[in-house]
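Student: I would like to learn how to read pockets and surface patches in a model. Could we go through one case?

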Amino acid sequence: MIPIFESILPIFLIVLLGIALKRAPFIDQSVWPGLETLGYYLLFPSLLFLTLATADFSGIELGTVALVSFGAVAIMTVLLLALHPIARAKGMSNASFTTLFQTSSRWNGFIALAIAEKLTGASGMALVALVLALIVIPLNFINVIMLVWYGTGGRSMATLAKRIAGNPLILGCLAGIFVNASSIGIYPPAEQAIDLIARSALGLGMLMVGAGLKLTDALRPGPAVLTPVVLKLLLFPAVMVALALGFGLTGETVLILALCAAVPTAMNGYLLARQMGGDAPLYAAVATVQTVASFVTIPAVMWAAGLAGGL
């Protein structure tokens, strides 16, 4: 477990640096939105494209990985929907329930990529990128539908479908898979240029995670905050690992699938909650507590997954 902890520690140190820099008086606060936009539209899509375009998937059971990934999302969706009557009975508003749903089902692919790079190198990063490519579209659709149905904002599915179809992360994944499957290859100077851009994505991504956390929102976490922490950091990886083992997967594949499920929620859900009538302050509090708690839960989950997967 110590090697897993030490491989994850650098990622969380960068997150802590992001927290400090966001509050540093010598940093112009107007820089953060620009960095977020740059990462979203250029750096992260470049990383996903290059990782998927150059990955060797010959040793990965693609069909089984897809079944496990989709199955875990489907099971979590059903379980979360089943919680709605209980949440209502406890006095939770529909807007807050959309945040519970989002923070229990979304996952931060960039934290997973950063940890996979430290743990298993290129092969682990390729598997994380593949899982991201497989489930980012259904996860976005499911969460958008939840916000449309239960949120207090507008209910324009056409606008939302257009937003998802134009998502640069999705487009980067699809382009990388296409290049890989078609064996077209990338012109070497172009590949080197993309690689130089992509290298900055993970470091910047971890800084942005830290900068986006709102520590004051999480000083007194109640049931509405702690419930999605347990669901996302413990139940989701348990479901993923159980399915992986049930479908006969072993070794590093089980470990990386557990990692994908064990990372905290994606920060972009906060913007979606703010734009579509969800409970954005609750989302910020949950994301903060999840990120802090995951410093302990991720090593524990991956240690258990490694044992279960035969590593």
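Student: How many residues line the largest pocket, and which of them lie nearest its centre?

Tutor: This is a predicted model. Lining residues are those with an atom within 4 Å of a pocket point. Here 42 residues line the largest pocket, and Glu36, Tyr40, Met267, Asn268 and Leu271 lie nearest its centre. Two or more lining residues come from each of helix H2 (31-54), helix H5 (109-120), helix H6 (122-150), helix H7 (157-165), helix H8 (168-182), helix H9 (188-212) and helix H12 (268-275).

Student: What volume does the largest pocket have, and how does its lining divide by class?

Tutor: The volume of the largest pocket is about 1300 Å³. Its lining holds 24 nonpolar, twelve polar and six charged residues.

Student: What is the volume of the second largest pocket, and which residues are the closest to its centre?

Tutor: The second largest pocket has about 360 Å³. It is lined by 22 residues, with Leu47, Thr51, Glu117, Met125 and Leu202 the closest to its centre. By class, 13 of the lining residues are nonpolar, four polar and five charged.

Student: Which helix gives the largest share of that lining?

Tutor: H9 does, with six residues. Helix H1 (2-22), H2, H5 and H6 also supply at least two residues each.

Student: Which residues form a nonpolar patch on the surface?

Tutor: Ile75, Leu79 and Leu235 do, and together they have about 210 Å² of accessible area. Leu79 sits in helix H3 (residues 62-89).

Student: Why does Leu79 count as partly exposed?

Tutor: The class between buried, under 20%, and exposed, over 50%, is partly exposed. Leu79 has 38% relative accessibility, so it counts as partly exposed.

Methods: Residues are numbered from 1 along each chain as its sequence is written. This is a predicted model: local features need pLDDT of at least 70, side-chain atom pairs count only at pLDDT 80 or more; totals for chains, interfaces and linings use all residues. Side-chain values use heavy atoms; hydrogens and water are left out. On a 1 Å grid over the protein atoms alone, a cavity is a set of points where a 1.4 Å probe fits but cannot get out, and a pocket is an open set with protein on both sides within 12 Å along at least five of seven lines; lining residues have an atom within 4 Å of a point. Grid points are joined across faces, edges and corners, and a volume is the space filled by probe spheres set on the points. Helices (H or I, at least four residues) and strands (E, at least two) are DSSP runs, numbered from the N terminus. Ala, Val, Leu, Ile, Met, Phe, Trp, Tyr, Cys and Pro count as nonpolar, Asp, Glu, Lys and Arg as charged, and the others, Gly among them, as polar. Patches are made of residues with over 30% relative accessible area and no salt bridge: like charges are joined within 9 Å, nonpolar side chains (Val, Leu, Ile, Met, Phe, Trp, Tyr) within 5 Å. Accessible areas come from the Shrake-Rupley method with a 1.4 Å probe; for residues, only the protein chains shown count as cover. A salt bridge is a side-chain nitrogen of Lys or Arg within 4 Å of a carboxyl oxygen of Asp or Glu. Buried means under 20% relative accessible area, exposed over 50%, partly exposed in between (1.4 Å probe, protein chains only).
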